[in-house]
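Dear colleague,

I am passing on a structure that I would like you to look through, and my notes on what was found in it come after it.

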Amino acid sequence: MLLGMLMFALNDAMAKALVADYGLGQVVVLRSLAALVLLLPFLAGGGWRMVRHVEQPRMQLARVLASTVEIITFYFAVKALPLADVMTYWLAAPIYVAAASPFLLGERLGWRRISAILVGFIGVLITLEPSSQMFTPAATVSIAGSAAFAFMMLSGRSLRGTPDRMLVLFQVVAALIGGLFFAPFDWAPIASTGHFLMLSMLGVVSMGAHMLVNRALKMADAAAVAPLQYTLLLWAVIFGWLFFGDVPRPSMIVGASLIIASGLFIFFRERQLKKRDCILPAVPE
C-alpha cells in the first residue's frame, strides 16, 4: 500500500510537469493508450465476454462519466494549484461518500459520523481559505473533481460483481474518448524523447499503483492498510517542494489535518459498526 501511494504521487507529479507544456486532452489520450496496452493481456481467456455482459449498464455508464470528469479536472487542477493542495481536496472524497450514502445507498448515520463529516467539511473550507476570492476556477474545479471521485467510490459499492480489471478498463476507455474530444484543440508536438517517455509512463505508473493497492487489500485486512492512503499527501508535499518549489500553506496543513482526522474516524467507525452488526441489529451511530 505504501509503495502504491508513492507511485500514485509520482504519477501525479509527472502529470503536473507535463500539463505545463502539453494540453489536457493530449496528456489524457497518451496516458490512456499506454494503460490500455497494459490492460489488453488481462482480457484474454474470457475477458471480452465480461465486457459484453456487464451488470447495471446505466450505473456503469454513470461511473465512467464520473471517472472521466475526475481525471480531466484533476489535470486542470494540478496545472494551476500546488500538488499538495489538490491532494487535500481529493482526500476529502471519503467524507463526501459518507455524507451522500444516506441519500444514494440508504445507509443510516448517527451523530458521531455526522460530526466527523462536519469536521471534514470545515477542513475543506479552511483549505479553501474563506474569502471573497476563495472559489477560484482551479479551486472550484478541484471540488467538482473530488466530488466526481466520491461518486466513483459510491458506485463501486453497488458494482461489486464487476471484476476490478473490467472497472479499470471501462475507466481507461472512457478517459481515452474524453481526451480525444479535447485533444484536437490543444495538441502540441512532443518536445523530447524524455517527454514522450514521461507521457507513456503516466499510464504504466498509474496501472502499477492500482495493482499494488489491490494486492495490498488482498494480503491484509482493509483496516490495516486503507489508512495508509493518507501518506499520499506526504509524498505530494515532498514532490511539490522538490520539483516545483511549492511550500505548504498553513491553511492547507490545518485543513488537511482535519480532513485526515475526519476520514480516519469515519473509516474506523464504519468498520466497528460492521463488526457489531454481525451480532446485533443495525443501529445508527
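A residue is called buried when its relative accessible area is under 20%, and because tyrosine 96 has 13% relative accessibility, tyrosine 96 counts as buried. Please keep in mind throughout that this is a predicted model.

The ring of tyrosine 96 and that of phenylalanine 121 have their centres 5.7 Å apart and their planes at 20 degrees, so the pair is stacked. Since tyrosine 96 belongs to helix H6 (residues 93-104) and phenylalanine 121 to helix H7 (residues 111-128), the pair ties together parts that are 25 residues apart in sequence. Phenylalanine 121, for its part, is partly exposed, with a relative accessible area of 32%.

The other region to look at is helix H12 (residues 231-244), which has 14 residues and reaches 19 Å from its first C-alpha to its last, close to the 20 Å expected at 1.5 Å a residue. In H12, the residues Leu232, Leu233, Ala236, Phe239 and Gly240 are buried, and because they cover an arc of only 130 degrees around the axis, they lie on the same side of H12. Leu234, Trp241 and Leu242, on the other side of H12, are exposed.

One aromatic cluster is formed by Trp235, Phe239, Phe243 and Phe244, and lysine 16 lies over the face of phenylalanine 244, at 5.3 Å from the ring centre. After H12 comes glycine 245, with a positive phi near 70 degrees.

Note on methods
Residues numbered from 1 in each chain as written. Predicted model: local features only at pLDDT ≥ 70, side-chain atom pairs only at ≥ 80, totals over all residues. Heavy atoms only, no water. Phe/Tyr/Trp six-rings, centres within 6.5 Å; stacked < 30°, edge-to-face > 60°. Helix = DSSP H or I, 4+ residues; strand = E, 2+ residues; numbered from the N terminus. Buried < 20%, exposed > 50% of the residue type's maximum accessible area, 1.4 Å probe, protein only. Lys NZ or Arg CZ within 6 Å of the ring centre and 35° of its normal. Expected span 1.5 Å × (residues − 1). Arc of directions from axis to C-beta.
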